[in-house]
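Q: Could you go through this model with me? I'd like to begin with single residues and then move on to the larger picture.

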Amino acid sequence: MSSTTTAAKGVAARSAARTTPAGRLRAMARAELTLLGRSKGVLFTAMFVPLMMPFSARQAATGMDLDGTGLSIGTVVLPASIGFSLLFAVYSALVSVYASRREELVLKRLRTGEVRDLEILAGAAIPSVAIGLAQCVLLTVGCMALLDVGAPEAPLYAVLGLLVAFALWPVLAAVTASFSRSVESAQVAALPLVFVSFFASGTLIPLEVLPDNVAAVCRLMPLTPSIELIRGGWTGDMAATDALRALVIAVAWIVGGVFAVRRWFRWEPRR
Amino acid sequence: MTEQVIDVTGLRRSYAGGFEAVRGISFTVGRGELFALLGTNGAGKTSTLELLEGLAEPAGGAVRVLGHDPYQEREAVRPRIGVMLQEGGFPSELTVTETARMWAGCTSGARPVGEALEAVGLAGRGSVRVKQLSGGEKRRLDLAMALIGDPEVLFLDEPTTGLDAEGRRETWNLVRALRERGTTVLLTTHYLEEAEQLADRLAILHEGRIAATGTVADVVASQPSHISFELPEGYLPGDLPPLAQLGVSGHDMAGDRILLRTTELQRAATGLLVWAERAGVELRGLDVRAASLEEAFLRIAQDATRAAADRVSDGSGAGDGSHSTDKETVA
């Protein structure tokens, strides 16, 4: 093979075929999806845990006194199930993904190439976000069919609740991964936020059944705005001001999270 | 004048905790040139390279790669360079082909995956997971990915560390072929032979500074050649012909053994042998050695060790020494 023709071809191809953000994201997402399929632990947490949760959430809801809250078992269980999906399929899974890519120097290697920093994090998040979205659809359909939930009264709120959630949780996963030294410690580092979101974000215990001052604190937690918006979307009795407050809190978390990632995210292992 | 593809002036890099890994270095690399950064572990090779690759921001000084700041103007530089890190960087659970496909999707003007793997002799290993590759195969995969976009400038961080003799030679041939086609290459190595074999020019780094730079011949020429032998019984150094007239610039005694330093090896050796012939003495253990890169390298390390030892005996600089051993693992 003549080296000059290869060089010429290289130059021609280079000017012709600049990569695009979409193309780079596609290439990374494909690799990540392959890796997800090969990581049994992460796959189990992402696929099965959230889908098992509706059963336990339903048991909890059955024992609750929902009189006067305007809630039914369905409108308690559905947002809670979506919350679990966000916590396990998106957040916990991505904390592991970011930490293990960092420890294997994959993030550092990618940063030597054309991919932008944001694209590296986004590309790694695509499969998990897709699984989370698919679960949300599945859970919604399931709850509508089995728990008599009915169609949402204010679908816009529900959609907004999902949108902010899918923007926020990958960011929080990156923040969590920044503060852990290994894949194992990253999984432990993810636990506090998972527990807080379980008990203090309207998931297992709807804010409506909590004392007002406790509920006010819970509203500031990162998962709460999405849960409230989704629940409000179904019941239709969420005031516009409450929806706006939830959105503002969610956006504040996203902004804070993005700032934290830019400031503290580590692209290579600390050794 | 050849175009300067890499231009480094007064470059500095500090790590959190205050350790200064790169302490004001300057050099340029012209288009099509192969430049080697040579140094022991902890000399600052990788720290320097990462600044040139745009992975980190310098603490001081300036870097230009292809006329751009590689850190601030990443998008202008990256499509035109190829980088091979010192280790790893590919998910262990992906196969070789999957890895190459991902990397190709992120590289402008990428060659077909099969062709890229073929070039480094990995064509038959496409379906093997990265974690099952040998150390040498991993290095070759890394090289293939650095080359997949036909880069104008190639950064190689210890490209042959962990390779066996044959693998090393194959990599050298590949790098030489790239240079023939006009690729500018900057590589780090701690193998003297690698620098001697490949480099048009080199810089020897020591403790974050350039201790010597130039062509291999330049660097070697700055070092004296050596003649050593045992003094015949009953002879003193003063019995030898006047050393200055032989072109000897200095000498050391160790027991019976004398070592002469000279930059005019032929003249000094001739003078000495003629004297021995006439005096009828035998120079036991005669060793006449031309200056080499190895001598130059060892001498720089030795001088520095001596300087460090002086500092330690002063009671200062001890912390500095332990710090620099920590550092290479960080960088």
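Q: Is A:Arg101 buried or exposed?
A: A:Arg101 counts as buried, at 8% relative accessibility, where buried means under 20% relative accessible area, exposed over 50% and partly exposed in between (1.4 Å probe, protein chains only). This is a predicted model, in which local features need pLDDT of at least 70 and side-chain atom pairs count only at pLDDT 80 or more, while totals for chains, interfaces and linings use all residues. Residues are numbered from 1 along each chain as its sequence is written, chains are lettered from A and ligands numbered from 1 in the order in which they are written, and side-chain values use heavy atoms, with hydrogens and water left out.

Q: What does the side chain of A:Arg101 meet in a salt bridge?
A: The partner is A:Glu32, at 2.8 Å from N to O; a salt bridge here is a side-chain nitrogen of Lys or Arg within 4 Å of a carboxyl oxygen of Asp or Glu. A:Arg101 lies in helix H5 of chain A and A:Glu32 in helix H2 (residues 21-38) of chain A, so the pair ties together parts that are 69 residues apart in sequence. Helices (H or I, at least four residues) and strands (E, at least two) are DSSP runs, numbered from the N terminus. A:Glu32 also counts as buried, at 10% relative accessibility.

Q: And A:Asp242, which residue does it form a salt bridge with?
A: A:Asp242 pairs with A:Arg245, the closest N and O atoms being 3.8 Å apart. The two are three residues apart in helix H12 (residues 240-264) of chain A, and so are separated by about one helical turn. A:Asp242 is partly exposed at 29% relative accessible area, and A:Arg245 counts as partly exposed at 32%.

Q: Switching topic, how much area do chain B and chain A bury between them?
A: They bury about 3,500 Å², 54% of it on carbon and sulfur atoms, where buried area is the accessible area (1.4 Å probe) that two parts lose on being put together, summed over both. B:Arg74, B:Cys106 and B:Arg181 supply 16% of the area that chain B buries against chain A, more than any other three residues. The contact takes 39 residues from chain B and 32 residues from chain A.

Q: How many salt bridges are there across that interface?
A: The rule finds five between chain B and chain A. B:Glu75 forms a salt bridge with A:Arg116, with the closest N and O atoms 2.8 Å apart, and a network of salt bridges links A:Arg24, A:Arg116, A:Glu119 and B:Glu75. On the side of chain B that touches chain A, H3(B) gives the most, with five residues.

Q: Which residues touch the most other members of the largest nonpolar core?
A: They are A:Tyr91, A:Tyr98, A:Trp169, B:Leu141 and B:Met145, in a core of 92 residues. A nonpolar core is a set of buried Ala, Val, Leu, Ile, Met, Phe, Trp, Tyr and Cys residues joined through side-chain atoms within 4.5 Å. Helix H5 (residues 73-103) of chain A gives the most to this core, with 16 residues. Apart from it lies another core, of 31 residues, among them B:Val5, B:Ala21, B:Leu37 and B:Ala43.

Q: What is the make-up of chain B in helices and strands?
A: Chain B comes to eleven helices and 13 strands, and 51% of its 331 residues count as buried. Along its principal axes, the C-alpha trace of chain B spans about 75 × 45 × 45 Å.

Key: Contact = heavy atoms within 4.5 Å.
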